[in-house]
Amino acid sequence: MVSTTLEASPPPAHYKWLKRALLGFGAVLFVVGSFGVYQRFAHGHLDANYGSIVPWGLWVAAYTFFIGLSAGAFLVSSLVYVFNVRRFERIGRLALFTSLVTLVLALFGISFDLGHMERAWNVLVHPNFYSPMAWIVWLYIVYFVILVVELWFLLRRDLIAGAAQPGRRAGLYRVLALGSRATSEASGARDRLVVRVLATIGVPVAVLFHGGVGTLFGVVAARPHWHSGLFPIMFLVSALVSGGALLIVVALIFQSGRKRNRDTVLTLGKVVLGLLLLDVLFQVSDILIAYRGGIPGEIAGLSVVTSGPYWWVFWIWQIGIGTLIPLLLLTLPATRRNPIAVAAAALLIVVGLFGMRLNIVVPGLAVEEIRGLTTAVASVRVQASYFPSLMEWLVTAWIIGLGLLLFGVGEKLLPVERQPMTERDALAEADTVIELEMRPERDQPEIQDVPV
Amino acid sequence: MSEIDRREMLKVLGKWLGGAIATAVVIQMGGAASVFAADTASGRKHRYGMVIDTRRCVGCRACMVACKQENKTPPGVFYTVVFDQLIEPRIDDKPLFMTKPCFHCEDPPCVGVCPVSATYKRERDGVVVVDYDRCIGCRYCMTACPYAARWFDFGENYPAVSEGTPYAAQPSPEYNQFRVREEGKSPIGNVRKCHFCLHLQDEEGSYDKAQGRWPACAKTCTGHAIHFGDFLDPNDSVSQLLQERVAVRLKEELGTEPNVFYLL
């Protein structure tokens with residue numbers, strides 16, 4: 001039986017311009033940011049503002065931000081492909097594609113930060129099993145393979161169907177189908193099994209690598225601001241918050257947008273609200289213990305966060321924009337059932353989380369490890385204050401622009417938004433499910449007679 | 001997958017597994033090693049370190065200059081730094097100066113975090129070094145060092161030795177590698193640190209003070225405040241000083257066991 005691709009209803013006109021605007025914005029960021037990338041390659045790290053006191057800056061924060069988005073989006077997709085939560089099935093592919101794009105952005109971010117990115121493969125050739133960073137890199141490689149293969153199996157039958165249809169994209173689809181021709185229901189069942197297995201492996205991998213990012217900071221006993229057992233957990237929770245929030249924005253704009261995904265947006269909004277509150281709980285707990293504990297190093301780090309030169313990153317960016325306004329939008333009766341308001345809240349959460357990442361990376365470092373260190377020598381590289389240079393901002397803009405372009409173009413070209421609608425799926429679609437519902441184990445009998 | 005591929009893969013997997021087990025064993029042993037006795041099992045011959053007498057330090061910063069001359073370090077890279085005004089509020093009106101090289105800790109936190117094992121503690125003498133050709137410049141070690149003893153080489157140059165000047169072709173003797181500074185080439189883009197002027201050791205791994213072949217900062221110290229030596233040699237001046245005077249190490253609570261002591 002050949003799967004019939006359900007034609008997605010044409011997106012409402014006002015969302016088309018939003019998509020185009022996003023693409024255009026991405027293109028502008030990409031073009032303007034290219035100058036920063038040129039500077040980075042032409043002059044190495046000369047134009048960067050981090051130094052030997054604050055050795056990590058905007059790019060490391062950006063990297064932790066993007067990798068959090070990726071882990072979060074992937075874990076949301078796993079709700080569909082591992083836990084059969086049908087409510088989110090419509091955005092399953094989008095979630096997976098989002099996590100792939102954001103993973104690429106994270107890897108770009110951290111590559112720019114390396115002094116010798118051409119040697120990054122040393123992590124495989126000369127592994128140090130004691131380094132959290134090494135483990136994270138290995139897990140990224142596994143994760144990348146899982147994402148690509150899972151996405152391919154998810155799209156396989158649609159690619160074949162697309163290759164058979166007339167149009168400019170047929171050639172692209174033929175290439176992407178990698179010679180695969182089977183479109184039978186049995187092959188579809190095999191695809192679903194592969195997707196399920198990969199997604200199931202992916203869940204612990206995502207938990208490990210993102211918990212690992214928290215561990216990377218947490219194990220550094222030299223930096224009291226980072227040295228907390230809560231860090232791996234906080235990173236995971238905030239990853240889920242940011243990933244879920246990004247998917248709300250994506251679901252509203254892409255994939256026929258609000259009309260089709262209204263319910264998904266609202267449900268995801270509730271999930272994100274819960275996670276955001278949990279995230280706040282963890283942060284309050286971490287900050288309170290540190291303040292009341294009164295260890296000078298921890299107080300110093302927190303003072304940088306709350307009353308240092310970049311107090312506004314915490315109070316305005318992270319707390320105001322990223323937490324309080326979204327909490328209001330997600331809880332007030334007037335806005336919480338309005339998908340646009342929910343998506344606006346989600347966007348603010350995503351933006352706010354970037355501020356939170358900055359507040360983890362920089363203040364942990366922007367404290368003299370030994371008093372008098374920064375006044376002992378007069379050097380721009382020996383300063384406790386750090387503000388990213390124009391080149392760092394441009395490179396970050398380039399990465400964000402690249403992300404918007406990759407996502408925009410990918411969403412346009414790839415059959416991301418079309419679900420392969422088998423009859424059974426179409427039937428399932430018909431009865432609208434309100435509650436989170438487990439899909440019955442219906443794939444099992446079909447799998448047994450599939451030649452692998 | 002062909003049979004050969006499979007075998008290759010098993011080999012690589014075996015290597016990794018072996019590596020994981022070996023690392024775990026080494027970590028165990030490292031933790032258990034006694035502090036001041038020669039550990040013959042691990043091939044330890046020396047335990048180089050310093051005893052810095054703050055009462056003798058006048059704050060002339062000649063050690064910083066000598067280090068820069070010896071290792072030809074660029075702007076922003078200081079293998080040793082002299083602090084003052086450390087004690088506040090002051091107990092008396094005498095200024096207190098401290099020179100701070102790398103402490104070459106017995107349990108260095110920087111080594112464990114390096115994802116590529118580019119920085120390591122030498123087995124024979126405990127000197128913590130950086131393999132410039134392996135270091136990827138991630139700077140994780142810089143965040144992990146509690147003493148700010150690590151510096152990133154951004155590629156800056158002093159005007160006098162900027163490209164085109166005859167001085168620019170002068171190689172640095174570091175690690176006996178005699179690298180000439182070149183844009184984009186190591187050690188630019190690497191993390192750098194004090195290595196107790198390793199290039200001045202002889203083949204046996206000993207320094208020769210009579211010949212002037214010992215760390216430049218200690219050699220040049222005008223007040224003889226920096227005592228350099230081998231803690232495993234009970235007759236060495238550093239071992240004697242530790243017996244006679246009360247010495248402190250910075251941030252003992254972190255368990256890093258620095259090999260640089262301060263006499264107050």
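This is a short chat about how to read a few features of the model above.

Visitor: Before we start, what kind of model is this?

Guide: It's a predicted model, where local features need pLDDT of at least 70, side-chain atom pairs count only at pLDDT 80 or more, and totals for chains, interfaces and linings use all residues. Residues are numbered from 1 along each chain as its sequence is written, while chains are lettered from A and ligands numbered from 1 in the order in which they are written.

Visitor: Let's take strand β8 of chain B: how many of its residues are buried?

Guide: First, the terms. Helices (H or I, at least four residues) and strands (E, at least two) are DSSP runs, numbered from the N terminus. A residue is buried if 20 or more other C-beta atoms lie within 10 Å of its own, exposed if 12 or fewer, and partly exposed in between, with C-beta atoms placed from the backbone. In β8(B), residues 226-230, five of five residues are buried. Ile226(B), Phe228(B) and Asp230(B) point one way, His227(B) and Gly229(B) the other.

Visitor: In what sense does β8(B) pair with β1 of chain B?

Guide: Two strands pair if DSSP finds at least two bridges between them. Here β1(B), residues 48-53, and β8(B) are antiparallel, with five bridges.

Visitor: Now the backbone angles. Which residue has a positive phi of about 55 degrees?

Guide: That's Phe196(B), and it isn't a glycine. You'll find Phe196(B) in the loop between β7 and α5 of chain B, and it is buried, with 27 other C-beta atoms within 10 Å. Lys251(B), also not a glycine, has a positive phi near 50 degrees, but this residue is partly exposed, with 17 other C-beta atoms within 10 Å.

Visitor: Over in chain A, how far apart are the end C-alpha atoms of helix α5?

Guide: The expected span of a helix is 1.5 Å times one less than its number of residues. For α5(A), with 33 residues (132-164), that should be 48 Å, and the ends are 47 Å apart, which agrees. Still, α5(A) bends by about 50 degrees at Leu155(A), the bend being the angle between axes fitted to the seven residues ending there and the seven starting there.

Visitor: How many residues does each chain bring to the contact?

Guide: Two residues are in contact if their C-beta atoms, placed from the backbone, lie within 7 Å. Chain A brings 39 residues and chain B brings 45. On chain A's side, α5(A) gives the most, with three residues.
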